[in-house]
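The paragraphs below go through a structure element by element. Please keep the sequence at hand while reading.

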Amino acid sequence: MTTQPSDAHRSVTIARTAPGKFRATNARGGTMDFGSGGDDQFTPVELLLAAIAGCTGIDVDILTTRRGEPTQFEVTAEGDKLRDDDGNHMGPIDISFRVSFPEGEEGDAARKILPDAIRKSHERLCTVSRTVMLPTDVTAHAVD
């Protein structure tokens, strides 16, 4: 099996901005604030769900819109946060698509490939859900 070259490296830095509040900054300078759940800001678990839904949604959007533009495109990722002998983690995550296309040849073509596009994203394309589903080492350590 081959891996991508080093230009495939991704990095996000998290900085504490206040008690229970943080700001993520990506290598391109984009920022997103999030928190521990005491207000309407996203929590890290919600960001994980958004990342899964966003990643697979982008894949499916790219594949289907080659045929026709959707009139509705909504992806929901949901599951239960568990606390058990394995520690805190998410139980099974369900991703549901609500996608509609207009009547006509282009809409019919897009509708026809929608199930295959969802399957391809789930089985091969979506880096986020594939990482969660595969055994992926995550390490944590302090640096000086």
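Is R119 buried, exposed or partly exposed? R119 is partly exposed, because its relative accessible area is 38% (buried means under 20% relative accessible area, exposed over 50%, partly exposed in between, with a 1.4 Å probe and protein chains only). R119 belongs to helix α2; helices (H or I, at least four residues) and strands (E, at least two) are DSSP runs, numbered from the N terminus. From R119 to D61 the separation is 58 residues in sequence and 13 Å in space, C-alpha to C-alpha.

This is a predicted model, in which local features need pLDDT of at least 70 and side-chain atom pairs count only at pLDDT 80 or more, while totals for chains, interfaces and linings use all residues. Residues are numbered from 1 along each chain as its sequence is written, and side-chain values use heavy atoms, with hydrogens and water left out.

Among the buried residues of α1 are L49, I52, V60 and L63. The cover over the buried residues of α1 includes β4 (72-78), β6 (87-90), β7 (94-100), α2 (105-125) and α3 (127-133).

An open antiparallel sheet has three strands in the order β1-β2-β3, where two strands pair if DSSP finds at least two bridges between them. β1 (12-18) and β3 (31-35) are at the edges with a single partner strand each, so one side of each has no neighbour in the sheet. Strand β2 (residues 21-26) pairs with β3 over five bridges, and T25 stands opposite T31 in β3.

Notes:
Contact = heavy atoms within 4.5 Å.
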